Amino acid sequence: MTERQDAVSTPRDEPARDASVTEALPPGPQSQAGAASGGAGDLPVPAVTFGSADGPALRKRRRSGGSKVRSLLKHAGLISFGFVMLYPLLWMLSSSIKPNALIFRDPSLLPTELDLSNYTVGWNALLHPFSHYLMNSFIIVLGSVLGNLMSCSLAAYAFARLKFKGRPIWFAIMLMSIMLPIHVVIVPQYILFSQLEWINTFLPLIVPKLLATDAFFIFLMVQFFRGIPKELDEAARIDGAGHARIFFRIMLPLATPALATTAIFTFIWTWNDFFSQLIFLTNPDMYTVPVALRTFVDSTGESSWGSLFAMSIVSLIPIFLVFLFGQKYLVKGIATTGIK
Amino acid sequence: MSALGELAALRKTKGTKDTLSPSERGDNKAAIFFLAPWFIGLGLITAGPLLASLYLSFTDYSLLEAPSWIGVENYLRMLDDPRLHNSLVVTFTYVFVSVPLQLAAALALAMVLDRGLRGLAIYRSVYYLPSLLGGSVAIAILWRQIFGTNGLVNQVLALVGLEGPGWVSHPDYALGTLMILNVWTFGAPMIIFLAGLRQIPEMYYEASSIDGAGRVRKFVSITLPLLTPIIFFNLVLQVIGAFQAFTQAFVVSGGGGGPADSTLFYTLYLYQNGFRSFDMGYASAMAWLLLVIIAALTAANFFFSKYWVFYND
């Protein structure tokens, strides 16, 4: 299972035919194309363009009169469906610039009266200005991203390239730890961190990432490393390079897409994470965006939905930006591994 | 190959020994270096706490004094804790209603989007966006308003002359609103389905066209069987994920799991026991029950998969 990759044509050599993310990525547990692509689930090394995923060249489009109408109807249906799906989000955006009273009367998207004060009120509604919580979240996100990039890529290199005693067993343990719910270990973790006096610091949220506890990303990078031709490191080995050198000079630079996927998902997960931040951060000075928002709900009740919405929008902006600029990697990451 | 596939493959190859070439014999040392962070994390953050919570589940522990051994008392207490039973019912209902609906939506949309559609990338992004945002507190807040007494849903209903209840404050409907939220995030499984559909060789469809098969026939006889591994994969993932839902229920219910415990997810009740009452022993016992349930669900999925999942190898 692990050696088959040697014979595999690397993604690099593949003609850029469809170039869709999915092309190189057998999606499921046992893809039908598994045999053909050995290093199954490898992310393609060359950056492929997101837009070409339609694969227009591969699929014939019939263009007779009747099907044209049908295609128009289909698009109309898909667009309306998308509109309905996004309506709550758009409505929240528009409500955040409406006067409070209108939020409970006006289901439309276009505000009849503009009121930007929700943002200024919301920004200062809690103990600290909202920027304080944004900063706290960013610190944790930054630490988590760096931690995951370093620790997971190191471990992935060992699993993908090194032969060591008990590798299959350790690998199986790593895979199983992906499915371990955090709720199962949160109590002893809390006890450990409180004995270390780490509660109400960012350490319980960052240090585990430095220790590769997000095993999911190890797996993602193992998949990617396996797709990098072994000849490259063998050549380097003959030239006298050690593993550290091969790792830093060959594997990491080639693994940029996998690193990007890891960084993006870590960003989004950490930014959205509520459970562990709620548990480890109880001092308002240390609150992150989700915990602060939640306090906001409790403290204001129904009276200031406008400013609550305004801050909710603010909290979603970073994710939205990551989504806009990182789509390519997001789609690849999900298609390879099935994460959200 | 997915993590699940890797595990299955490992099981198959059990017994074959890694043969070490001379140049690779020195890898043990290097491996220790590369794996050091992971080993430490496994010991201190994952496996250690896992075992510790097993021990704690047999104790009475409130953080203030040392844990005192009480045997299986926590487990006996679980047997007649009506709130716990209720939380299991709530969680199972949530999982078994919303996950199939979510996957059905994901598959339906993937089918529609698969046919070399113009603008596919845009549709895919739009439908995927809720999956990224769905777990956030902000969206939970939005949900609380949308389904509130004077919320968006009731405003729209009022336009057609209907008067809706306060959905999130009504014990019969509150859980439903959370299910809708879960279905709303069908984008992630949809993308996995799209990837799976792309793997089905076009020639199967061409051959069946020659044989005169219609759309329905093609879907039932080609698409569905060849897609079962991906359906299975999505099912395992989404069931595990849905079982751990927390944020939405916490925010929508204001932390209490109400109204009338109707949104008291298992994780929420665990949180209340562990971090509100600081009943760490009982929370640990609950944690282990959670682990057993998730393992059992996953195992059951694997077991039943051989009756309906088609592997083409």
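Mentor: Let's start with helices and strands: both are DSSP runs numbered from the N terminus, a helix being H or I over at least four residues and a strand being E over at least two. What you have here is a predicted model, where local features need pLDDT of at least 70, side-chain atom pairs count only at pLDDT 80 or more, and totals for chains, interfaces and linings use all residues. Residues are numbered from 1 along each chain as its sequence is written, while chains are lettered from A and ligands numbered from 1 in the order in which they are written.

Trainee: How many helices and strands are there in chain B?

Mentor: Chain B has 14 helices and two strands. Chain A comes to 15 helices and zero strands.

Trainee: And what lies on either side of B:A260?

Mentor: B:A260 sits in a loop, with helix 12 (247–252) of chain B on one side and helix 13 (266–276) on the other. Its phi is near 50 degrees, which is a positive value in a residue other than glycine.

Trainee: Why is B:A260 called partly exposed?

Mentor: Count the other C-beta atoms, placed from the backbone, within 10 Å of a residue's own: 20 or more is buried, 12 or fewer is exposed, and in between is partly exposed. B:A260 has 13 of them, so it ends up partly exposed.

Trainee: How do you know whether B:F233 is buried or exposed?

Mentor: B:F233 has 28 C-beta neighbours inside 10 Å, so it counts as buried. You'll find B:F233 in helix 11 (residues 215–243) of chain B. Follow the chain and B:P189 is 44 residues away from B:F233, but in space the two are 9.4 Å apart, C-alpha to C-alpha. Over the whole of chain B, buried residues make up 46% of the 313.

Trainee: What makes A:M311 count as buried?

Mentor: A:M311 has 28 C-beta neighbours inside 10 Å, so buried it is. A:M311 lies in helix 15 (residues 305–337) of chain A. In sequence A:M311 and A:W123 are 188 residues apart, and in space 6.9 Å, C-alpha to C-alpha. For chain A as a whole, 47% of the 340 residues count as buried.

Trainee: Which residues does A:M311 touch?

Mentor: Touching means contact: two C-beta atoms, placed from the backbone, within 7 Å of each other. Skipping residues up to four places away in sequence, A:M311 touches A:G122, A:F130, A:L293 and A:F296. Now take the contacts in chain A with a separation of 6 or more: 77% are between residues 24 or more positions apart.

Trainee: Which residues have the most contacts inside the largest nonpolar core?

Mentor: They are A:A155, A:A156, A:I218, A:M221, A:F225 and B:M190, in a core of 169 residues. Such a core is a set of buried Ala, Val, Leu, Ile, Met, Phe, Trp, Tyr and Cys residues joined through C-beta atoms within 7 Å. A:A155 touches residues of both letters, among them A:I218 and B:W38.

Trainee: How do you know how confident the predictor is in chain A?

Mentor: Look at pLDDT, the predictor's confidence in each residue, from 0 to 100. Chain A has a mean of 79, with 78% of its residues reaching 70 or more. Over residues 1–62 of chain A the pLDDT is below 50, though this stretch has 130 contacts in the model beyond near neighbours in sequence. Chain B has a mean of 88, and 91% of its residues reach 70 or more. The model scores ipTM 0.88 and pTM 0.84.
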